[in-house]
Amino acid sequence: QEITTMDLDVKRERLQSALNEKLYGKAILDKAYSYFKVNLSEGKIFRPFIQIIEGKSVDVSDSFSSEFPSYDAVVRKIAEQLVDKEYRRTFVQHLSAKTLIEQFQKGDSIPEYTCRFYSPHIGWHYSRFVCYVSKDEILNEYQAMMVAYNVSEQQKQDAAIRDCIDVLYKENRSRDAIEELLSTLASFYAADRAYILESDKEKQYLSSTYEWCRKGVRPNKADLQRLPFVFVNPWIESVGDMDAVYLDSQNDEYGVWERLYSELPIQDVKGISVSTIVSDEGRYGFLVLDNPKESQKNFWVLKLVVGF
């Protein structure tokens, strides 16, 4: 019987599936938020390109349009999603098909990347990008499974702290550094806004001096000027000796929404994380996150930034 091209393709696909199942197993993919398979020898990607969105596997291959078959083109597009631009060139260079094959032949370890990404499908996130390389002796090809994992809270926290320190020293504590720091902080906590309220020397008023807002979120900086210091007593009482606290409008134990937000021209705040900024003279300001959706009870990163 004549062997057609389709028969060869089916055979190749079955061999590929069996190899992947043997090498990688289902457990790896259960922890992933995206993954795809690569023929490194030809520099091509096998469909589908999967992302795990709200617990469901979704094929997002079409988002790469005509560039999809080219592995190096897709790696460059993934690198563009890295928030930290200085890592993009290294990411592409170390994960090129040529480099991966050479490392595998030498027995060298394949680099892993834990960093901040932005994806149009799942937004801001921290992830670890890992490559598993193998050689298919049957087909005489180098292949790989590329997997992006959700990172643990500790890994996410460590990466965020490194990012904050990098920003502070790279920008030499300038105004740009503070605004980028607020962006990093809001990204870690998935907050709508991050801003700083500072008092005057006499501690009579508080004003918003720096603010970062997520795209589509209305800035509140203009509405938070010259607030009487006594006006924010609910924050001071709620924070107490804890340095930082998460407050929820649904469980308003300290009356923050009843006493403070009822007087402010702000309607879209349902929860906040707030930390005091302290000097030798005592409290003189606050760092506030509006509507944080992640790591709400983890104050390490927030207090680290306040400490700087």
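This is a predicted model: local features need pLDDT of at least 70, side-chain atom pairs count only at pLDDT 80 or more; totals for chains, interfaces and linings use all residues.
The protein contains 10 helices and 12 strands. Of its 308 residues, 47% are buried. Contacts between residues at least 6 apart in sequence were also examined. Among these, 55% join residues that are at least 24 apart. One example of residues separated in sequence involves F188 and S295. They are 107 residues apart in sequence, yet their C-alpha atoms are 7.8 Å apart in space. F188 belongs to helix α7, which spans residues 175-189. Its relative accessible area is 0%. Buried means under 20%, so F188 is buried.

Aromatic rings were considered next. Three aromatic pairs were found in a search of the whole structure. One of them can be described in detail. The ring centres of F104 and Y142 lie 5.9 Å apart, and the ring planes meet at 75°. Planes over 60 degrees apart count as edge-to-face, so this pair is edge-to-face. The two residues come from distant parts of the chain, 38 residues apart. F104 sits in helix α5 (residues 97-106), while Y142 sits in strand β6 (residues 141-150). Y142 has 15% relative accessibility and counts as buried. F104 has 34% relative accessibility and counts as partly exposed. The reason lies in the cut-offs: buried means under 20% and exposed means over 50%, so a value in between is partly exposed.

Another ring has a charged neighbour. R226 lies over the face of Y205. The distance from R226 to the ring centre is 3.9 Å.

One cavity of 30 Å³ or more was counted. The largest cavity has a volume of about 50 Å³. Its lining includes the aromatic residues Y195, W235 and Y261. The leucines L197, L224, L227, L260 and L264 also line this cavity, together with V232 and I266. Two elements, β7 (193-199) and α9 (256-261), each give two or more residues to the lining. By class, the lining has 10 nonpolar residues, with no polar and no charged residues.

How values were computed
Residues are numbered from 1 along each chain as its sequence is written. Side-chain values use heavy atoms; hydrogens and water are left out. Rings of Phe, Tyr and Trp (its six-membered ring) pair if their centres lie within 6.5 Å; planes under 30 degrees apart count as stacked, over 60 as edge-to-face and the rest as tilted. Helices (H or I, at least four residues) and strands (E, at least two) are DSSP runs, numbered from the N terminus. Buried means under 20% relative accessible area, exposed over 50%, partly exposed in between (1.4 Å probe, protein chains only). A charge sits over a ring if NZ of Lys or CZ of Arg is within 6 Å of the ring centre and within 35 degrees of the ring normal. On a 1 Å grid over the protein atoms alone, a cavity is a set of points where a 1.4 Å probe fits but cannot get out, and a pocket is an open set with protein on both sides within 12 Å along at least five of seven lines; lining residues have an atom within 4 Å of a point. Grid points are joined across faces, edges and corners, and a volume is the space filled by probe spheres set on the points. Ala, Val, Leu, Ile, Met, Phe, Trp, Tyr, Cys and Pro count as nonpolar, Asp, Glu, Lys and Arg as charged, and the others, Gly among them, as polar. Contact means heavy atoms within 4.5 Å.
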